[in-house]
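User: Hello! I am new to this structure and would like to learn how to read its features. Could you walk me through them?

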Amino acid sequence: MEHINTKERFNEVIASEEPVIVKFFADWCPDCKRMDMFIDLVLAEYGNYKWFELNNDEVPDVATEQEVMGIPSILIFQNGEKLAHLHSANAKSPEEVIAFLQQQLG
């Protein structure tokens, strides 16, 4: 998973013609650490998509612009547009994350 650490890089990433998945997180976040323990299961099923991660504390403007109020959150972008947003309350298990991705991406 490539790390995004600037707003410019974020804008480049989301401009993709193919859907891209961005995980928003923070180092201090316990739920983010929990997600890190199961994210490999999700990547095994959805590894054919490009995945990125963005630390809210490093690029707070992006998190604000994308209305990321809780972390971890998973957002899907294509052609510069946000297609879907999995809020932190619904991202506590691999089953929840996979169900979201399946609904959004098939």
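This is a predicted model: local features need pLDDT of at least 70, side-chain atom pairs count only at pLDDT 80 or more; totals for chains, interfaces and linings use all residues.

**Reading the sheet, helices and loops**

Analyst: Happy to. Within the pair, F77 has K82 of β5 opposite it.

User: What do β4 and β5 form, and how many residues lie between them?

Analyst: They make a hairpin, with two residues between the strands. In that turn, N79 has a positive phi of about 50°.

User: In what order do the five strands of the sheet come?

Analyst: The order across the open sheet is β1-β3-β2-β4-β5, and the pairing is mixed. At the edges are β1 (2-4) and β5 (81-86), each of which pairs on one side only. From one strand to the next, the twist averages 30°.

User: How should I picture the side chains along a strand?

Analyst: Here is the general idea: in a regular strand, side chains alternate between the two faces of the sheet.

User: Do β2 and β3 run parallel or antiparallel?

Analyst: Parallel: strand β2 (residues 20-25) and strand β3 (residues 50-55) are connected by six bridges. To find one of these on your screen, look for V22, whose bridge partner in β3 is F52.

User: Which strands does helix α1 touch?

Analyst: Helix α1 (residues 7-14) packs on the sheet and touches β1, β2, β3 and β4 (73-78). Its direction makes about 125° with that of β1. Another helix, α4, lies across β2, β3, β4 and β5, and runs at about 150° to β5.

User: How do I read the packing of α2 and α4?

Analyst: Look at the distance, the angle and the handedness. The axes of α2 (residues 30-46) and α4 (residues 94-105) come within 9 Å and cross at roughly 35°. The crossing is right-handed. On the α2 side, the residues that meet α4 are M35, F38, L41, V42, E45 and Y46. Their counterparts in α4 are P94, V97, I98, L101, Q102 and L105. Sorted by class, this contact has 10 nonpolar residues, one polar and one charged.

User: What should I look for in the backbone of the loops?

Analyst: P72 sits in the loop between α3 (60-65) and β4. E67 is also placed in the loop between α3 and β4. The phi of E67 is positive, near 60°.

User: How many cavities of 30 Å³ or more are there?

Analyst: The count is one. The largest cavity has a volume of about 30 Å³. Its lining is made up of D31, R34, M35, F38, P72, S88, A91 and K92. By class, that lining holds four nonpolar, one polar and three charged residues.

Definitions and conventions:
Residues are numbered from 1 along each chain as its sequence is written. Side-chain values use heavy atoms; hydrogens and water are left out. On a 1 Å grid over the protein atoms alone, a cavity is a set of points where a 1.4 Å probe fits but cannot get out, and a pocket is an open set with protein on both sides within 12 Å along at least five of seven lines; lining residues have an atom within 4 Å of a point. Grid points are joined across faces, edges and corners, and a volume is the space filled by probe spheres set on the points. Ala, Val, Leu, Ile, Met, Phe, Trp, Tyr, Cys and Pro count as nonpolar, Asp, Glu, Lys and Arg as charged, and the others, Gly among them, as polar. Axes are lines fitted to C-alpha atoms, for helices over the stretch in contact, and angles run from 0 to 180 degrees between N-to-C directions. Helices (H or I, at least four residues) and strands (E, at least two) are DSSP runs, numbered from the N terminus. A crossing is left-handed if the near helix is turned anticlockwise from the far one by less than a right angle, and right-handed if clockwise. Contact means heavy atoms within 4.5 Å. Two strands pair if DSSP finds at least two bridges between them.
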